[in-house]
Amino acid sequence: MAAATGDPGLSKLQFAPFSSALDVGFWHELTQKKLNEYRLDEAPKDIKGYYYNGDSAGLPARLTL
């Protein structure tokens with residue numbers, strides 16, 4: 001709330017665009033699960049994603065599945 005009152009000690013919330021990428025491990029695991037576990041089942045499946053915004057300034061944030 002202090003940022004709304006103009007407190008110079010607090011910075012404003014800003015949007016950080018991210019770069020998403022699926023690594024080779026994701027595709028390999030998906031292939032194995034589709035062949036051995038899911039087979040012809042087309043129901044939605046839960047996956048996990050991780051958002052990381054701790055890289056050096058100038059580098060985009062990352063979303064990894």
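**Exercise 1.** Check which span helix α1 (residues 24-38) should have against the distance between its end C-alpha atoms.

*Solution.* The model is predicted: local features need pLDDT of at least 70, side-chain atom pairs count only at pLDDT 80 or more, and totals for chains, interfaces and linings use all residues. Residues are numbered from 1 along each chain as its sequence is written, and side-chain values use heavy atoms, without hydrogens and water.

- Helices are DSSP runs of H or I with at least four residues, and strands are runs of E with at least two, numbered from the N terminus.
- The expected span is 1.5 Å times one less than the number of residues.
- After α1 comes Arg 39, with a positive phi near 50°.

**Exercise 2.** State whether Trp 27 is buried, partly exposed or exposed.

*Solution.* 

- Trp 27 belongs to helix α1.
- Buried means under 20% relative accessible area, exposed over 50%, and partly exposed in between (1.4 Å probe, protein chains only).
- At 44%, Trp 27 is partly exposed.

**Exercise 3.** Give the strand order of the open sheet and identify its edges.

*Solution.* 

- Two strands pair if DSSP finds at least two bridges between them.
- The 3 strands run in the order β1-β3-β2, with mixed pairing.
- β1 (18-21) and β2 (50-52) are the edge strands, each pairing on one side only.
- β1 pairs with β3 (residues 61-64) in the parallel sense over 4 bridges.
- Opposite Ser 20 stands Leu 63 in β3.
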